[in-house]
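Let's take a walk through this structure together. Have the sequence and the 3D view ready, and we'll go one piece at a time.

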Amino acid sequence: MKNIVIFGAPGAGKGTQSDFIVEHYGLTHVSTGDLLRKEIADETELGKRIKGIMDAGQLVSDDIVIEMMDKAIAADTKGMLFDGFPRTVAQAEVLDKLLAKHGRELTCMVQLEVPKEELVRRLLERATIQGRADDNEVTINNRLNEYNSKTKPVADYYAKQGKQRVVDGLGSIEDIAARIRQAIG
Ligand code: B4P
């Protein structure tokens, strides 16, 4: 059973490539961004608490995200693709523990590498198509800063475990999907 993390900066193509990975390997897709946006759209108590944080481009607290993932892992029987999680080293450590609790371990982490100018270009383009509240110039900058300070160290965490697979995230969506399949094996 495969359990895979797809990792990268905002706009790196995590959500886009997730569709191909879950289809190819028959995995359950869990996106923390999608789960959090659903809480906001449903106007739940949690959604009201996190809306300002996400609109500002900051990370939601580890406790909230970890509780969501605990439930998602407990409910899964197929193997999982983690999209947007872990985003801090603390989340990465907890993910290892949660998987071990269910007799599993992480297969690998796929890291999509995309230059900053292209990340900004993609997110601004998405803003014109989807109108997501956090796709504007100020918030994109905050998200990239959060990524550099809190999320990037997660790559070293997996490199030390020998689980990091770096993939060039520039090019056509199909070409990148093929590179990812090769990296996972
Ligand atoms: P996410 O929903 O994970 O959003 P994201 O980082 O912007 O990545 P996304 O998956 O949407 O972008 P993608 O690269 O696919 O997180 C949003 C927020 O939720 C965070 O800022 C944070 O507040 C919160 N959050 C989520 N998880 C959290 C956690 N674990 N801890 C704390 N807080 C958390 O796509 C971007 C665009 O590029 C798309 O429009 C796509 O069409 C385009 N694109 C993709 N591939 C392309 C290619 N090859 N060429 C050209 N364009 C491409």
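**Starting from helix H7**

In H7, the buried residues are Thr139, Ile140, Arg143, Leu144, Glu146, Tyr147 and Thr151. They span an arc of only 160° around the axis (taken from the directions from the helix axis to the C-beta atoms), which puts them on the same side of H7. Buried here means under 20% relative accessible area, exposed means over 50%, and partly exposed is in between, using a 1.4 Å probe and protein chains only. Helices are DSSP runs of H or I with at least four residues, strands are runs of E with at least two, and both are numbered from the N terminus.

Before going on, a word on where this comes from: it is a predicted model, where local features need pLDDT of at least 70 and side-chain atom pairs count only at pLDDT 80 or more, while totals for chains, interfaces and linings use all residues. Residues are numbered from 1 along each chain as its sequence is written, and side-chain values use heavy atoms, with hydrogens and water left out.

Back to H7. The buried residues pack against strand S1 (3–7) and helices H3 (45–55), H6 (116–130) and H8 (153–160). The length of H7 works out too: its 15 residues (137–151) should span 21 Å at 1.5 Å a residue, and its end C-alpha atoms are 20 Å apart, which agrees. That expected span is 1.5 Å times one less than the number of residues.

Next, the core. A nonpolar core is a set of buried Ala, Val, Leu, Ile, Met, Phe, Trp, Tyr and Cys residues joined through side-chain atoms within 4.5 Å. The largest one has 48 residues, and Phe82, Leu95, Tyr158 and Ile180 have the most contacts inside it. Helix H4 (residues 62–75) gives the most to this core, with five residues. Look at Tyr158: leaving out residues up to four places away in sequence, its contacts (heavy atoms within 4.5 Å) include Val5, Pro86, Leu95 and Met109.

Pro86 sits in the loop between strand S3 (80–83) and H5, and the peptide bond from Phe85 to Pro86 is cis, with omega near 0°.

Now for the ligand. Which of the 28 residues around the ligand come nearest? They are Gly13, Thr32, Gln58, Arg126 and Arg143. A polar side-chain atom of Arg126 lies 2.8 Å from an oxygen atom of the ligand, and a polar side-chain atom of Gln91 lies 3.0 Å from a nitrogen atom of the ligand. Ala12 has a backbone N or O atom 3.1 Å from a ligand oxygen atom.

Finally, two loop residues. Arg104 is in the loop between helix H5 (89–101) and strand S4 (108–113). Is Arg104 buried or exposed? With 12% relative accessibility, Arg104 counts as buried. Its side chain makes a polar contact with the side chain of Asp76, at 2.8 Å; such a contact is a pair of N or O atoms within 3.5 Å, where within protein one must be able to donate a hydrogen and the other to accept it, and residues adjacent in sequence count only if both atoms are side-chain atoms. Glu43, in the loop between helix H2 (32–41) and H3, counts as exposed at 59% relative accessibility.

Definitions and conventions. A residue is near a molecule or strand if one of its heavy atoms lies within 4 Å of it.
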